[in-house]
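Thanks for coming. I will walk through one structure and keep to what can be read from the model.

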Amino acid sequence: CDQTFLAVLFGPCDKCSKEKPLRAVYIKSEQLSYCSLCVEMVHFVDHIPPGDITDEQGDVPGQSFAAGLSNPQLFAVHQVAERVESLGQFVMKTRRTLKGHGNKVLCMDWCKDKRRIVSSSQDGKVIVWDSFTTNKEHAVTMPCTWVMACAYAPSGCAIACGGLDNKCSVYPLTFDKNENMAAKKKSVAMHTNYLSACSFTNSDMQILTASGDGTCALWDVESGQLLQSFHGHGADVLCLDLAPSETGNTFVSGGCDKKAMVWDMRSGQCIQSFETHDSDINSVRYYPSGDAFASGSDDATCRLYDLRADREVAIYSKESIIFGASSVDFSLSGRLLFAGYNDYTINVWDVLKGSRVSILFGHENRVSTLRVSPDGTAFCSGSWDHTLRVRA
Amino acid sequence: QMERMIVSMQDPDMGIKMRNQRLLITVIPHAMTGNDIVEWLIQKYGISEEESLHLGNLIVKHGYIYPLRDPRSLVLRADESPYRFQTPYFWTSTKWPATELDYAIYLAKKNIRKQGDLIEHEKDNYNLLHKRINHTWDFVVMQAREQLRTSHCLRTGRAAKQRRKGDRIVIDCQEQAYWLVNRPPPGAPNVLEQGPERRNCHTTRVQLTKNMDYYKREIEYCRKAMARSRVKSSICLEGYIKFNEQYVPHDPIMSGCLPSNPWITDDTTYWAMNAPTVPTPTKLRVERWGFNFSELLNDPLGRAQLLDFLKKEFSAENLSFWEACEELRYGEQSRIPEIVDSIYQQFLAPGATRWVNIDSKTM
């Protein structure tokens, strides 16, 4: 909880010597006057257990900061959501199965027209399907294997993909049968290691990429120019998601350093970072309102982080789930969180109550990617068993 | 993590009860039935039978439990078929490279014992290996013979022949399960397969040079972080609930959609009714415009309505100005000077055709 305090003194702080409003603190029974900044720093940097520092009222200052990280009594979503009704049983069946990839499906994305999808696989093939009719509309073979990222342009006229070739390439989609799609390929991004995720911003002209070299970058599609780069992850970046347009200009990325970081797209600076997972973060996705995001990780949990409260507010885990979560997405209202796991299943979580609503089987190998359609009518999951399934 | 589960399964008090199981005529000690496994999982984790079967199957596929009857297929059957825990020696997490040499020795042993009657793919592998490591083949055969002899000793000799046979079956099954996991027959999925190698903090490629600049940035970041105002969690969470209440009726997965979900009934009327440009939008859609301004703007129909309204109020140029700026924001780099110019000419220059009202301070 935020705390305001009465500033009794104004003067040089005992720690940093700056002229600031001071408050009295007792460290191991010695009275000192620290400015608010130093009070917080003392907790964090010097690792003094909260109990040792008290102020005049006997409260432990800075409780919101340090304690929030370890005190389980602070609010979690399910406590506030007690009065929300529980969800009944959900019946979701596979409505369409898309077969055609010759190898593991690694990534997929929906088109804004709510029925087309693009998917990429280990053998280098990128296919555009009309998932309603299950027809393949376009197919491209990339020169590399393990195409781990693909994205549909907002206009529906182009797709982007990349993987072990360290590049992101944009292919305009043409309906002319005679034209070879590969001929019009535009090489946009250049990284020094594999491409793990890519996404168009609000238009066809800019694309955001995440890579195994630990950085994210924003590129201009037409010229291939680097507009902004984002450094700060200590290891491979595995996923990213752009904020919904209402909150604009930020995106979140997750990596093998167990951190999820929120970036400002204009300045290239990291705004917030969250490090509570125990293992690589495979997938991040914003809550529909833009105030929070969920992450799925190899430690078999999914977590919800609130951006305004600046902390983790919920953990979605179960003892019987021992395999990592590879991909997460919210339903349109944000009430449900769909998560695909490496144990071939998809678990559906009630976001507000923190409990599992149902478990979906069907895939014969690990689920590698999962996205809800733009209008929320269905979701599609891609798996290492070479197929994609649309469920509603 | 699977191993944690396995260990708890083997716990003498809370774990699965193991008895002597009968396999045809031999008695195998310390075994359990498939049913036991499924039941125990259901009990311990409070999951359904389907899930328990699925989980159990995965455990078997990864080689932590192996079947005694029909050891060639690593499948969990929820019946009376006997199963045993794999010895930790053979656990996949030990990350032993299951070398070609080891595999060769195993195949050679099998070959000798079964007098040439190996399964198809094993025969192929055997021949392949023979060709590849021909130079050490004598060693392989010698090792195989040696191992067979030691297990043979168990067979011959004194009384309690049955017990020896039980041991032998167990050892054979153990080894077979191990190799089934490490060298799956063609067509079966390889559970040990992983994606491209990732580096984490410990073996990182990323060079974060911890020089003065880095620390300056860290300090700046921390300072900004502490200066930032934080909202009480309870308020944020109330926000989610409110958001949820507003949007749930619009979520097709939660509340269904009228006339029907196209994926379920194969009827695309819903999409036709909600297409970007229809003469009359649905009631739900219009309701959504009331949630916040972005909803109105993001929907092409809503935007058109807004434009109409603005025209009546003689302030339509505001919307056009905003649209032009959005185009600049997300547009092509190369066209920026051109767009900026056109915006200025159209909207900002004194006496422009679509002059926008901006207060003097901004100008």
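Of the 392 residues in chain A, 64% count as buried. Bear in mind that this is a predicted model. The chain's secondary structure comes to three helices and 32 strands. Its accessible surface is about 14600 Å², and carbon and sulfur atoms make up 48% of that. On contacts: taking those in chain A with a separation of 6 or more, 42% are between residues 24 or more positions apart.

In soluble globular proteins, nonpolar side chains tend to be buried together. Here the largest nonpolar core has 25 residues, and the ones touching the most other members are A:Cys302, A:Leu304, A:Tyr316, A:Leu337 and B:Tyr240. Which elements give two or more residues to this core? From chain A they are strands S23 (292-297), S24 (302-306), S25 (311-316), S26 (325-330) and S27 (336-341), and from chain B helix H9 (233-247). The largest share, four residues, is from H9(B).

B:Tyr240 deserves a moment. Apart from its neighbours within four places in sequence, B:Tyr240 contacts A:Tyr287, A:Asp291, A:Ala292, A:Leu304, A:Asp306, A:Val313 and A:Leu352. There is also a second, separate core of 17 residues, with A:Val105, A:Ile117, A:Ile127 and B:Tyr270 among them.

Now the aromatic rings. Over all chains the count is 14 aromatic pairs. Take A:Phe230 and A:Phe251: the ring centres are 4.8 Å apart and the planes stand at 85 degrees, so this pair is edge-to-face. A:Phe230 is in strand S17 and A:Phe251 in strand S19 (residues 250-255), both of chain A, so the pair ties together parts 21 residues apart in sequence.

The next pair is A:Tyr287 with A:Phe330. Their ring centres lie 5.3 Å apart with the planes at 90 degrees, so this one is edge-to-face. The pair links distant parts of the chain, 43 residues apart: A:Tyr287 is in the loop between strands S22 (281-286) and S23 of chain A, while A:Phe330 is in strand S26 of chain A. A:Tyr287 counts as buried at 1% relative accessibility, and A:Phe330 is buried at 5%.

Two arginines sit over rings. A:Arg96 has its charged end over the ring of A:Phe132, 4.7 Å from the centre. A:Arg366 lies over the face of A:Trp384, 4.2 Å from the ring centre.

Back to strand S17, which covers residues 226-230 of chain A and contains A:Gln228. Why does A:Gln228 count as buried? Its relative accessible area is 19%, and buried means under 20%, so A:Gln228 falls within the buried class. Its side chain reaches the backbone oxygen of A:Arg266 at 2.7 Å. Leaving out residues up to four places away in sequence, A:Gln228 touches A:Cys216, A:Ala217, A:Leu218, A:Met265, A:Arg266, A:Ser267 and A:Gly268.

Last, one residue of chain B. B:Ile171 is in helix H7 (residues 161-182) of that chain. At 40% relative accessibility, B:Ile171 counts as partly exposed. B:Asp213 is 42 residues from B:Ile171 along the chain, and the C-alpha atoms of the two are separated by 61 Å.

Definitions and conventions:
Residues are numbered from 1 along each chain as its sequence is written. Chains are lettered from A and ligands numbered from 1 in the order in which they are written. This is a predicted model: local features need pLDDT of at least 70, side-chain atom pairs count only at pLDDT 80 or more; totals for chains, interfaces and linings use all residues. Side-chain values use heavy atoms; hydrogens and water are left out. Buried means under 20% relative accessible area, exposed over 50%, partly exposed in between (1.4 Å probe, protein chains only). A polar contact is a pair of N or O atoms within 3.5 Å; within protein, one must be able to donate a hydrogen and the other to accept it, and residues adjacent in sequence count only if both atoms are side-chain atoms. Contact means heavy atoms within 4.5 Å. Accessible areas come from the Shrake-Rupley method with a 1.4 Å probe; for residues, only the protein chains shown count as cover. A nonpolar core is a set of buried Ala, Val, Leu, Ile, Met, Phe, Trp, Tyr and Cys residues joined through side-chain atoms within 4.5 Å. Rings of Phe, Tyr and Trp (its six-membered ring) pair if their centres lie within 6.5 Å; planes under 30 degrees apart count as stacked, over 60 as edge-to-face and the rest as tilted. A charge sits over a ring if NZ of Lys or CZ of Arg is within 6 Å of the ring centre and within 35 degrees of the ring normal.
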